[in-house]
Amino acid sequence: MGIPATPSTTQAQDAYCPHCHLLIERRVEENWPHEPLRCPHCRLLVGQGRARPTPAAEPGARGSAAGVFAHEAKRSGDDGSTTAKEIREAIRSVAEETGARPERLLMVDYQQRASDDEELPALSQVFAAYGSWKRARRAAAGTA
């Protein structure tokens, strides 16, 4: 399995987690990772050569990843330094970038952006302010 090589040359491809289907690493060699590692998003172990070349997932896989993210965000807690307004604006911004309405933005899509952009509040900050992803989305949409 893993990321396949092209017949004549090995090209670098992006590597996606086989569990949560979020980007782990950009431009990797075939059969990445060379040693097992933990996904920075879902914290599940990615075995040797088990990364995927695309974020494609089976139905329900992204929902399972969202459960992992929600559990981790609730467990990690937050100091409450991010305001509810900042969180609403961040959700609206990511929704606009992905082409989704704020009330329909998936947690995994927000997590992917937040992991790449330190300016966005972390999920732990979202949960500290709103208690759930659903409440935060509703507030960002103005339907709360």
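The legends below describe an overview and several close-up views of a predicted model.

**Figure 1. Overall make-up of the chain.** The model is predicted, with local features requiring pLDDT of at least 70 and side-chain atom pairs counting only at pLDDT 80 or more, whereas totals for chains, interfaces and linings use all residues. Residues are numbered from 1 along each chain as its sequence is written, and side-chain values use heavy atoms, with hydrogens and water left out. The chain comprises five helices and four strands, these being DSSP runs numbered from the N terminus (helices H or I, at least four residues; strands E, at least two). Read from the N terminus, the order of elements is β-β-β-β-α-α-α-α-α. Of the 144 residues, 38% count as buried, where buried means under 20% relative accessible area, exposed over 50% and partly exposed in between (1.4 Å probe, protein chains only). Among contacts (heavy atoms within 4.5 Å) with a separation of 6 or more, 54% are made by residues 24 or more positions apart.

Figure 2. With a disulfide taken as a pair of cysteine sulfur atoms within 2.5 Å, the count comes to zero. C20 is in no disulfide, and the nearest cysteine sulfur, that of C39, lies 3.7 Å away. C20 is buried at 1% relative accessibility, and C17 is likewise buried, with a relative accessible area of 0%.

**Figure 3. The aromatic pair of Y110 and W133.** The structure holds one aromatic pair, for which ring centres of Phe, Tyr and Trp (its six-membered ring) must lie within 6.5 Å, planes under 30 degrees apart being stacked, over 60 edge-to-face and the rest tilted. Y110 and W133 form this pair, which is tilted, at 5.3 Å centre to centre and 45° between the planes. The two residues are 23 residues apart and link helix 3 (residues 107–116), which holds Y110, with helix 5 (residues 133–141), which holds W133. Both Y110 and W133 are buried.

**Figure 4. The crossing of helix 4 and helix 5.** The axes of helix 4 (residues 123–130) and helix 5 come within 8 Å and cross at roughly 80°, the axes being lines fitted to C-alpha atoms over the stretch in contact and the angles running from 0 to 180 degrees between N-to-C directions. The two helices are therefore roughly perpendicular to each other, a description that covers 65 to 115 degrees, while angles under 35 count as roughly parallel, over 145 as roughly antiparallel and the rest as oblique. L123, V126, F127 and Y130 in helix 4 meet W133, R135, A136 and A139 in helix 5.

**Figure 5. R135 in helix 5.** R135, found in helix 5, is partly exposed at 47% relative accessibility. The C-alpha atoms of R135 and E103 are separated by 9.1 Å, although these residues are 32 residues apart along the chain.
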